[in-house]
Each structure stands twice: as structure tokens, then as C-alpha cells.
Amino acid sequence: MKKIFYINLLFALGLNAQVLSLQESINKTLSNHPDIKTFALKVTQSRTGYTSARADYLPQVNLSAEYDPIKTYVFPFNGQFKTVDDDGWNAGVNLKQKIWDFSKTTTKMDAAKVEQKIAELSLQDIKALMASKVKSLYSLMVVQADAIKVREQDLLSKEAYYAQAKALFEQGLKTEADTSRFLSSVYLAKDNLAIANSSYEKAKNSLSLYMGEKIADDVTLDASVLKKEFNIDAQNTQKIIASNKELKIYEENIDKNILLHKSAKASHYGSLDLVASYNRIGSLNEYDSKIVGVVLNIPLYSGGRISAEAQNVQIGTQISNEQKASKLLNLKEEISNLLLDIKRYEKTIQAKKAQLEAARSTQKVLEGRYKEGLATYIEVLDATALVLSAKLGLLEAYYSRALSIDRIDYLQGKI
């Protein structure tokens, strides 16, 4: 009956505890974090850039009106020029339609489309980066939660050793050095437990800020995030490079600069425009003025501004090419190091598991020998320290491996 009672109690506590999954943490962060909202606004901003560039190929219509209270009019009279001061006004509508500008405007429009792609890629990249940070904090919470349990078990065992040594000392079977040393280990275990609790709270507070809401103190986490699978094969590097968002941004920047360079070069040739206007003019007499025609504008001299703009964009293209090459080198180096780290952590995990099993066996033997007076308190504490080190080392290896896998997910743009 007691067993059934405790099972039901644990089940009830489990129902009341708040469960927080990794995916839920990521989704809430992507919905609330200001960096995500900023980059989403930049995407919208980039769309207005295309609208602005496209407007140059649409008809430009303007209304104009002017009134002059005093205006001097000159006209010939009997072989002489006479002047009359009177008021004057005019009102009308003007239309200008670009016919051809040697693809200057169309290439600007294409460049604006590329800029929009860059903004969208940047949004995807910041989402992947933010997800990577959330994964890191979530994994850290899982590690620290397990570390707290390990530290609590260590504290309980140290307190039990101290109580045992104290009882044996009172019976004259152990020295005061035994009790003093075990008491010292109890204080050290309490300090390490406090550090683990502090580290857990820091990770929880940071994740709460990312998510935009408070995480419950009794939250339940998914510990399986530390033991995710990752297959290493010869295609890893190429797959990551092919899907890396930062590399794609550099490529799009190169395309954008090439288009802007073409547009800047086209500025040398000018443009052919259709113009039309209708004005009603009041100057001594009222009359209508109408214009329909074609205007050719060819820039002959601009102080070097057009040439400088073309050269500036051309240099920008070269810079983008070099930045892409540099990013590719750094990416290959980072991927290689991450894959090597994952392989190393796999071996470390296996070694820590074997070390933990051996340390537990040694600890069990020494505990029995200590009770029989065949082992010293130093040997018992050393065995306990080995078990603790193996447990924490195993947690650290799992965490480091998870961080490397999460970093690879980010480099591939995964959320």
C-alpha cells in the first residue's frame, strides 16, 4: 500500500510540474526576441527599396501652381519695348515617362530584389543563431540540474561518512582526524552544491529573458537533448557549406554589387524621356499651354561623380569576393574542428562511463574495508572523489558534444 501511495504521489507531482521542451523554448524566443523583430522589419524595409527603384520606370505626374502678385511684362510697342507691372499666375499638370535609360533602372530594380533576398537570408541566419543560443542555455540547464543531483548525492554520502566516523570515534575505533576530515568534505560538498545551484539559476534566468517569460522553479526539462545522434560522413563539410546562410549572403552581395556596377556604368549614357504638360496661364491674358515631346539627356560632365560611383561599386564587388573566400576558409576550418571534437567527445563519453563503473566498484570495496578498519578515510574520500569526477566528467562530455552538434546545426541554418 505504501508503494502504491508513493507512486501515486510522484505521478501527481509530475502532473503539477511544468514541462518545458526545447522546441517550445525556441518558438517563444523566435516570437519575442527583439533581434528577430528587428531583422523582420529589415525584410519589410528591403521591399520598400524595390518599390522605390521600380518607381523610376512608372509615369511621374506632378501638379504645379504659381501666383505672382507683382510681375513685369515686356512687349514691343511702336518699335520700342514697353513694360507693364501686373499680377500673374499659372496652374497645370506635368507628366514624365522614362522610355529608355540603357537598363540603368532595371538593373537597380534587380539589385533591390537581391537586397531583399539578403534581408531574408539575414533573418533566417539570426533565427538559426538565436535557436543555437537557446539550445546552449537549455542544455546547460539540463547539465546543471543533473549536476545538482550529483552534488546532492555527494553531500549526502559525505554527511553519512561524517556521521559514521563520528560514531566510530566515540567508540574509540577511529581518530579525531577522521571526523575532522569528513566534516571538511561536508563543507566542501555544500559549497559545490551552492555553485551548481547558482549556475542552474543563471542559465534559467538567461533562457527566461530570451523567451520573454518566467520559467517555473519546478520546471521539468527534456534530458535527451544531451544525447542527440549525429552521423559523421565524408559529405558533412559539403552539406554544411551548401546550406550556410552567411556564405549565401556574401554570394548575394556579389550579385548585388555587379548589378549596381552595371547601373552606374549606364548612367554615362543618359536617358530618353517622354514629357507632356498642360498649363493654364494668366499673364495680362489667359491662355492654355500644352507640351508633348521627347527629351534626350546625356551627361557630358558631372565632376567625376558618375565614374567615382561606378569605381566604388566595382571595388565593393572585389571586397565581397574576398570576404566570401575568407568566410569559406574559416567555415571549412570550423567544420573540421567541430567534427574532430565530436569524435573526441564520443571517446571521452565511453571512457567516462568505464571510469564511472570502475570508480563505483572501487568505492563500494573501500567503504566495506573502512568499516572493518582495513582502509583509511583518505582512501574512502579519494574513491568518492573519483566517482564524483566521473559523473561530472560524463555530464561535461555530453554537454560539450551537444554544443558542437548545435553549432553544426547553426552553420547549416537549422532551427
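Colleague: Which strand gives the most to the nonpolar patch?

Modeller: Strand 3 does, with 4 residues. Bear in mind that this is a predicted model.

Colleague: Which residues form the nonpolar patch on the surface?

Modeller: Val61, Leu63, Val93, Leu95, Ile99 and Trp100 are among them. Phe102, Tyr269, Leu274, Tyr278, Val292 and Val294 also belong. Together they have about 1100 Å² of accessible area.

Colleague: Which strands each supply at least two residues of the patch?

Modeller: Strand 2 (60-77), strand 3 (80-100), strand 5 (271-283) and strand 6 (285-297).

Colleague: Why is leucine 95 called partly exposed?

Modeller: Its relative accessible area is 30%. Buried means under 20%, and exposed means over 50%. The value for leucine 95 lies in between, so the residue is partly exposed. Leucine 95 is found in strand 3. Its bridge partner in strand 5 is alanine 276.

Colleague: How do you know that strand 3 and strand 5 pair?

Modeller: Two strands pair if there are at least two bridges between them. Strand 3 and strand 5 have 12 bridges, so they count as a pair, in the antiparallel sense.

Colleague: What joins strand 2 to strand 3?

Modeller: 16 bridges, and the two strands run antiparallel. Serine 64 stands opposite glycine 92 in strand 3. The hairpin of these strands has 2 residues between them. There, asparagine 78 takes a positive phi near 55°.

Colleague: How many bridges join strand 5 to strand 6?

Modeller: 13, again with the strands running antiparallel. Leucine 274 stands opposite valine 294 in strand 6. Both residues are in the nonpolar patch.

Colleague: What is the order of the strands in the open sheet?

Modeller: The order is 2-3-5-6, with antiparallel pairing across 4 strands.

Colleague: What makes strand 2 and strand 6 stand at the edges?

Modeller: Each has a single partner strand, so one side of each is left without a neighbour in the sheet. Neighbouring strands of this sheet are turned by 25° against each other on average, direction ignored.

Colleague: How do you know that the span of helix 5 is close to the expected one?

Modeller: Helix 5 covers residues 176-211, which is 36 residues. The expected span is 1.5 Å times one less than the number of residues. For helix 5 that gives the expected 52 Å. The helix reaches 53 Å from its first C-alpha to its last, so the two values are close.

Colleague: What comes just after helix 5?

Modeller: Glycine 212, which takes a positive phi of about 80°.

Notes. Residues numbered from 1 in each chain as written. Predicted model: local features only at pLDDT ≥ 70, side-chain atom pairs only at ≥ 80, totals over all residues. Heavy atoms only, no water. Patch = residues over 30% accessible without salt bridge, like charges linked within 9 Å, V, L, I, M, F, W, Y side chains within 5 Å. Areas by Shrake-Rupley, 256 points an atom, 1.4 Å probe, with all protein chains shown as cover. Salt bridge = Lys/Arg side-chain N within 4 Å of Asp/Glu carboxyl O. Buried < 20%, exposed > 50% of the residue type's maximum accessible area, 1.4 Å probe, protein only. Axes fitted to C-alpha atoms, helices over the stretch in contact; angles between N-to-C directions.
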